[in-house]
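Colleague: Could you walk me through this model, starting with how the helices pack?

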Amino acid sequence: MPNSTISAAGDPEPASARRRPTRIVGRALTCAVFALAGVLFYVSAHAARGIDLRSDNSLLRLSDVIQQRSDQNRQTQDDLSELQQKVDQLAKQQGGTPAGGDPLAALRDQAGLGPLQGPGLTVTLNDAPPGATAKIPGVPEPGVNDLVIHQQDIQAVVNALWRGGAAGVQVMDQRLISTSAVRCVGNTLLLQGRVYSPPYVIRAVGRTAELKAAVDADPSIRNYLEYVAAYGLGWKVQESGELSLPGYTGTTDLHAAQGQ
């Protein structure tokens, strides 16, 4: 017997008439799903701005960002140094130096803004060779942190040189001033907006004997030398009759973080 029902008028109602509302609801839901998918695709494309969100090449690692900013800071400092040289040359051409000399010259030298020459000391620190093991019987095998230079190692050398009467100190290719901060990020040195890798070279102009005595007497450096002997960390001290330190060329503005 055909599948049908009796309507209120007594006429049989076909099954297709009963299925029609269900089909309409199904079609409406399908359209809604496709519309929602379209909105999601549009939002994703707009947020990505045409970039493949699943591609690792579009996501810079933090180290890449730091290196990029370091290169930008290096170029900026080079440009600033060139401009300062041009200003000095123009001042000399104008013959504007008073008979009593430049009253700001001594202050610039004391602040580390001018170049410095004289006898001094060069200290070099370096990570241990790859795969280094204990060199002294009874010493435990090293961990990862025992084989690399840390912030406190560099800072200890810098502080010792200042205590030894250094007239100026340079770390890598940058002159230190009163606002300079030596910081390490992982196994790299972050100094005044630029990134450096070991070996770390520290130069100081001053009386060589006093500088060396201050380095030898520093307890933090003595502790570092124990790791030099045990695991092969790099350490070299060289006396020089004539060192040339560049003047500081970065900004002298003091910036501080403020909590809320």
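Colleague: How are helix 4 and helix 6 oriented to each other?

Modeller: This is a predicted model, in which local features need pLDDT of at least 70 and side-chain atom pairs count only at pLDDT 80 or more, while totals for chains, interfaces and linings use all residues. Residues are numbered from 1 along each chain as its sequence is written, and side-chain values use heavy atoms, with hydrogens and water left out. Helix 4 and helix 6 (residues 219–231) pack at an angle of about 135 degrees with their axes 9 Å apart, and they are therefore oblique to each other. Axes here are lines fitted to C-alpha atoms, for helices over the stretch in contact, and angles run from 0 to 180 degrees between N-to-C directions; under 35 degrees counts as roughly parallel, over 145 as roughly antiparallel, 65 to 115 as roughly perpendicular and the rest as oblique.

Colleague: Which residues of helix 4 and helix 6 meet?

Modeller: From helix 4, Asp-153, Ala-156, Val-157 and Ala-160 meet Ser-220, Ile-221 and Tyr-224 of helix 6, where contact means heavy atoms within 4.5 Å. By class, this contact has 5 nonpolar, 1 polar and 1 charged residues, with Ala, Val, Leu, Ile, Met, Phe, Trp, Tyr, Cys and Pro counted as nonpolar, Asp, Glu, Lys and Arg as charged, and the others, Gly among them, as polar.

Colleague: And how do helix 4 and helix 5 pack?

Modeller: Helix 4 (residues 151–163) and helix 5 (residues 208–217) pack at an angle of about 135 degrees, with their axes 8 Å apart, and are therefore oblique to each other. Ala-160, Leu-161 and Arg-163 of helix 4 make the contact with Leu-211, Ala-214 and Val-215 of helix 5, which by class gives 5 nonpolar, no polar and 1 charged residues.

Colleague: Left-handed or right-handed, for the crossing of helix 4 and helix 6?

Modeller: The crossing of helix 4 and helix 6 is left-handed, whereas helix 4 passes helix 5 in a right-handed crossing. A crossing is left-handed if the near helix is turned anticlockwise from the far one by less than a right angle, and right-handed if clockwise.

Colleague: Switching topic, which peptide bond is cis?

Modeller: The bond from Pro-198 to Pro-199 is cis, with omega near 5 degrees, and Pro-199 has its place in the loop between strand 8 (194–196) and strand 9 (200–205). Most residues other than glycine have a negative phi, and most peptide bonds are trans.

Colleague: What about Met-172, is it buried or exposed?

Modeller: Met-172 counts as buried because its relative accessibility is 17%, buried meaning under 20% relative accessible area, exposed over 50% and partly exposed in between (1.4 Å probe, protein chains only). Although Met-172 is not a glycine, it has a positive phi of about 55 degrees, and it lies in the loop between strand 4 (168–171) and strand 5 (174–175). Gln-192, also not a glycine, has a positive phi of about 50 degrees and lies in the loop between strand 7 (188–191) and strand 8.

Colleague: Where is Ser-244 found, and what is it in contact with?

Modeller: Ser-244 is found in strand 10 (residues 234–245) and, at 47% relative accessibility, counts as partly exposed. Leaving aside neighbours within four places in sequence, Ser-244 is in contact with Leu-116, Gln-117 and Gln-170. The C-alpha atoms of Ser-244 and Leu-116 are separated by 5.8 Å, although these residues are 128 residues apart along the chain.

Colleague: How many helices and strands does the protein have?

Modeller: The protein has 6 helices and 10 strands, taken as DSSP runs (helices H or I, at least four residues; strands E, at least two) and numbered from the N terminus.
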